[in-house]
Amino acid sequence: MASERMLTAAQVPAGGVDADAIDAIHLAAGRHDLIVFPEMANVPYFPVAPALHEWLADTLAGQDEESLFSPYRRLARRTGSYVVAGLCLPGPDLTRNAAVVFDRAGELLPGRGLLSGEAALSYDKTHLCNVRHYGSVFLEDQYFRAGPELVVWDLDFARMGVLICYDRHFPEAWSTLRANDVGIVAVPTASPAGTAPTFLAEMQAMTLQQSVYAVVANRAGPESLPGIWTTEYLGQSAVFGPDGSVLNVAGDGLFAQACAPYDTAALDSVRAAMGLATSRRPALYQI
């Protein structure tokens, strides 16, 4: 169908992938219009201990933004696709848990901040994960500053929003993106194996409630940090349809993809059939 575009969640190994690994990624045959990578794909997920600042500084040494962006730029040009890269970026004080978007020519694509209305070159995670659950401890507020606003990007076939990992648990974030006419939500994540009971089901619920597509990219396999412990990451990167359907799942492979079509006509049909946007009663809700 002429209205179809291909959405791809790119699952990569835990521990962080370097430029050579990204350059070597072999995508499934056929068209790719949007490729989403996991949260902080360039480094191990380190906010599980309070005293890794020196280790982090050493890990990020020499990784300026342009060196981190280059392999994603090349991938975007090679595939003619938009690319969403979840990256840990150096900052003037705290590091940044961010996502950046490259257009089909590999250029950094500005989005629009929903509070400021101004151009935004990245989305910084707005809900920091400080959770002791799933067999892990998360201490993101010791390393990051929460982002100031949600951001949307206008692709040539859809409007897209980004929610990073813990952001996905907040229905208000999804409904705000939907209220701003988003058709796709990209979700870079670093979700451990303990999330397995609800990982897919939660995304089904969110995409059904908001009538949006979601592209959820996770890391997979074991990851060890110095003097801490080993975390097993779930994988199960997936693409979800606007009716809550699971369109494709990558499984637990270390380099794997989930690919599925985005269809504008199908999106419009689901929204008309469900009627969720027009049936809302904001006067009843206390948030």
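Predicted model: local features only at pLDDT ≥ 70, side-chain atom pairs only at ≥ 80, totals over all residues.
For context, most residues other than glycine have a negative phi. Met-40 is also buried, because its relative accessibility is 0%, and the cut-off for that label is under 20%.

The loop that joins strand 2 (34-36) to helix 2 (53-60) also holds Pro-44. With a relative accessibility of 12%, Pro-44 counts as buried too. What does Pro-44 touch, once residues up to four places away in sequence are set aside? Its contacts are Gly-15, Gly-16, Trp-55, Arg-219, Glu-223 and Leu-225.

Now step back to the chain as a whole. Its secondary structure consists of seven helices and 18 strands. The C-alpha trace spans about 55 × 45 × 40 Å along its principal axes. For 287 residues, a compact globule would have a radius of gyration near 19 Å, and the chain has 18 Å, so the two agree. Of the 287 residues, 53% count as buried. Among contacts with a separation of 6 or more, 71% are between residues 24 or more positions apart. The accessible surface comes to about 11,900 Å², and carbon and sulfur atoms account for 54% of that area.

Next, follow the open sheet of eight strands, whose order is 6-5-10-11-12-13-16-17 with mixed pairing. Strand 6 (119-120) and strand 17 (246-249) are at the edges; each has a single partner strand, so one side of each has no neighbour in the sheet. Inside that order, strand 11 (residues 159-162) and strand 12 (residues 184-188) pair in the parallel sense over three bridges. Met-160 has Ile-184 as its bridge partner in strand 12.

Two helices pack on this sheet. Helix 4 (residues 171-179) touches strand 10 (151-154), strand 11, strand 12 and strand 13, and its direction makes about 145° with that of strand 12. Helix 5 (residues 199-210) touches strand 13, strand 16 (238-240) and strand 17, with an angle of about 25° between its direction and that of strand 16. In the loop from helix 5 to strand 13 sits Ser-211. Ser-211 counts as buried because its relative accessibility is 3%.

Met-160 and Ile-184 turn up again in the largest nonpolar core, which has 51 residues; together with Leu-34 they have the most contacts inside it. Strand 13 (residues 213-217) gives this core its largest share, five residues. Beyond its neighbours within four places in sequence, Met-160 is in contact with several residues, including Leu-34, Val-84, Trp-153, Val-182 and Ile-184.

Strand 1 (residues 4-13) and strand 18 run antiparallel and are joined by eight bridges. In general, strands of a sheet pair through backbone hydrogen bonds, either parallel or antiparallel. Ala-10 has Gln-257 as its bridge partner in strand 18. Is strand 18 (residues 256-263) mostly covered or mostly open? Six of its eight residues are buried, so the strand is mostly covered.

How values were computed
Residues numbered from 1 in each chain as written. Heavy atoms only, no water. Buried < 20%, exposed > 50% of the residue type's maximum accessible area, 1.4 Å probe, protein only. Helix = DSSP H or I, 4+ residues; strand = E, 2+ residues; numbered from the N terminus. Pairing = 2+ DSSP bridges. Core = buried A, V, L, I, M, F, W, Y, C linked by side-chain atoms within 4.5 Å. Contact = heavy atoms within 4.5 Å. Rg over C-alpha atoms; globule rule 2.2 N^0.38 Å. Areas by Shrake-Rupley, 256 points an atom, 1.4 Å probe, with all protein chains shown as cover. Axes fitted to C-alpha atoms, helices over the stretch in contact; angles between N-to-C directions.
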